[in-house]
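Dear colleague,

Here is the structure that I promised to hand over, with my notes on it below.

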Amino acid sequence: MRATDTVVDPLATLHSTDTIRDRATTLLARAREGQSHWFTVDDDAIGTTVSLVADVTRARYPDLDVPFHSRWRHFEAAGVDRVAGLAQRMSTFTVAERISTRIDLAVVSVLLDAGAGPQWHFDEPVTDIRLTRSEGLGVASFHAFTDGLFSSTDEDPLRVDAAGLRALTADQLAQAFQVTADNPLVGVEGRLGLLHELADVLEATPGVFGQDGRPGGLGNVLIGGTDGVRAADILELLLTYFAPIWPSANRIDDRPLGDCWRHSDVGGDGVTTGWMPFHKLSQWLTYSLLEPFGDEGIPVTGLEYLTALPEYRNGGLLLDTGVLDPIPADWSTREWQVDDEFIVEWRALTVALLDELAPLVCIELGLDAAATPLACILEGGTWAAGREAAAQRRQGLPPLTIISDGTVF
């Protein structure tokens, strides 16, 4: 090898959202050219989709002051400002302690955010509000956190630490989420396993997560010696340190790839050829870690680095509005695996098309696209419009039946 040659780490390539966008855009171009085995694209339907997203955004945020799409929106479900109560309990904390506490909460809540199933609900104490799906999971995890379920010490309940996670049992988690025979929650054991895997990661890296093993240790790493925090740095830290958590068997040289999947029409260089990365849950967590810094006056930059979240609300919007037309005749009735090429391509086309839709939605709303992050379009936005379309067509059910471990959908 010549002295001028450089060796590119394949994980660095697959961690990059530039790679996600490049490969997703290639698959979209193939679909538009009629070369896809799985989808055709109806560009004439994009205008209708844009109008729907704009209408939903105006209805939800009439002043067009749209916040980021993140787990913090679920903590506000039914118009209750639960975070204000948390802030009051943190009134004596330092800035660093508040950031660490909010990161603890966001991390554990996002990891518990797999699909709840159609029968589960959470009846919130005090308010008596009944919540389901993501909002219910978010509020249930919020109360579990503030009650100290994930802390190893009664003296400091507002934290997540390795010992607290390690001691957590399925019965305790089920009780916190009000699970009964008549109120079943999908995947309680799987959620518990994910939290136990998180405990392993936190204990293994005390230089990042501290001797107690707290996810909030990421805050100290991100703000140490800088004037701000870059979204790309948040995502890279999550992909680097949380990689062992994900149960996917996808690996290169025995190194876990996480949310990356094979597609025969995806190019690349060397060992990354054929891999289509997404990192949906890691990006969802990245979006959810923006506000703990921004609310403390620490600027978060480079939000344009993050992609749309390729999941069944955003992707379902494109199916329900006719932008994407599946080719398999049985696409809506069969069961799909998360690594099926049809699903991989659907997710990739969702990423590429939402990049195209976002500036069009801004034009429709009269917003400055350069000053309106994709995080706001998702919140306004595409995710809510996807849910609304699903409610009208299928009582809110996803457009596809996907067998998943909960770390992708």
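The side chains of Arg347 and Asp259 meet in a salt bridge, with N and O 2.9 Å apart, where a salt bridge is taken to be a side-chain nitrogen of Lys or Arg within 4 Å of a carboxyl oxygen of Asp or Glu. Arg347 belongs to helix α17 (residues 341–365) and Asp259 to the loop between β6 (255–256) and β7 (260–262), so that distant parts of the chain, 88 residues apart, are linked by this pair; helices (H or I, at least four residues) and strands (E, at least two) are DSSP runs, numbered from the N terminus. Both Arg347 and Asp259 are buried, in the sense that buried means under 20% relative accessible area, exposed over 50% and partly exposed in between, with a 1.4 Å probe and protein chains only.

Before I go further, please keep in mind that this is a predicted model, in which local features need pLDDT of at least 70 and side-chain atom pairs count only at pLDDT 80 or more, while totals for chains, interfaces and linings use all residues. Residues are numbered from 1 along each chain as its sequence is written, and side-chain values use heavy atoms, with hydrogens and water left out.

By the salt-bridge rule above, the count comes to 25 salt bridges. One of them joins the side chains of Arg82 and Glu124 at 2.7 Å, N to O. Arg82 lies in helix α5 (residues 82–89) and Glu124 in the loop between β2 (122–123) and β3 (130–131), so this pair ties together parts that are 42 residues apart in sequence. Both Arg82 and Glu124 are buried.

Another salt bridge is formed by Arg159 and Asp212, whose closest N and O atoms are 3.1 Å apart. Because Arg159 lies in the loop between α7 and α8 and Asp212 in the loop between α11 (206–209) and α12 (217–223), the pair ties together parts that are 53 residues apart in sequence. Arg159 counts as buried at 9% relative accessibility, whereas Asp212, at 46%, counts as partly exposed. Asp156, Arg159, Asp161 and Asp212 are linked in a network of salt bridges.

Ser151 is also found in the loop between α7 (133–146) and α8 (162–167), and at 10% relative accessibility Ser151 counts as buried. Leaving aside neighbours within four places in sequence, Ser151 is in contact (heavy atoms within 4.5 Å) with Asp156, Pro157, Arg159, Asp161 and Gly164. The side chain of Ser151 also reaches the backbone oxygen of Thr153 at 3.1 Å.

Turning to the domains, the chain is divided into domain 1 (11–65 + 254–286 + 298–408) and domain 2 (70–225), with bounds that come from an automatic or database domain assignment. The C-alpha centres of domain 1 and domain 2 lie 27 Å apart, and their contact takes 13 residues from domain 1 and 16 residues from domain 2. The area buried between domain 1 and domain 2 is about 1100 Å², of which carbon and sulfur atoms give 68%; buried area here is the accessible area (1.4 Å probe) that two parts lose on being put together, summed over both. Trp284, Leu285 and Ile298 supply 45% of the area that domain 1 buries against domain 2, more than any other three residues.

The count between domain 1 and domain 2 is 1 salt bridge. Glu135 forms a salt bridge with Arg387, the closest N and O atoms being 2.7 Å apart. On the side of domain 1 that touches domain 2, α14 (280–288) and α18 (374–394) each supply at least two residues, and by class that side has 7 nonpolar, 3 polar and 3 charged residues. In that classification Ala, Val, Leu, Ile, Met, Phe, Trp, Tyr, Cys and Pro count as nonpolar, Asp, Glu, Lys and Arg as charged, and the others, Gly among them, as polar.

Lastly, Arg60 lies in helix α3 (residues 46–60) and is partly exposed, with a relative accessible area of 38%. Arg60 and Glu379 are 319 residues apart in sequence and 9.5 Å apart in space, C-alpha to C-alpha. Not counting residues up to four places away in sequence, Arg60 touches Glu379, Gly380, Gly381 and Ala384.

Terms used. Polar contact = N/O pair within 3.5 Å; in protein donor to acceptor, adjacent residues only side chain to side chain.
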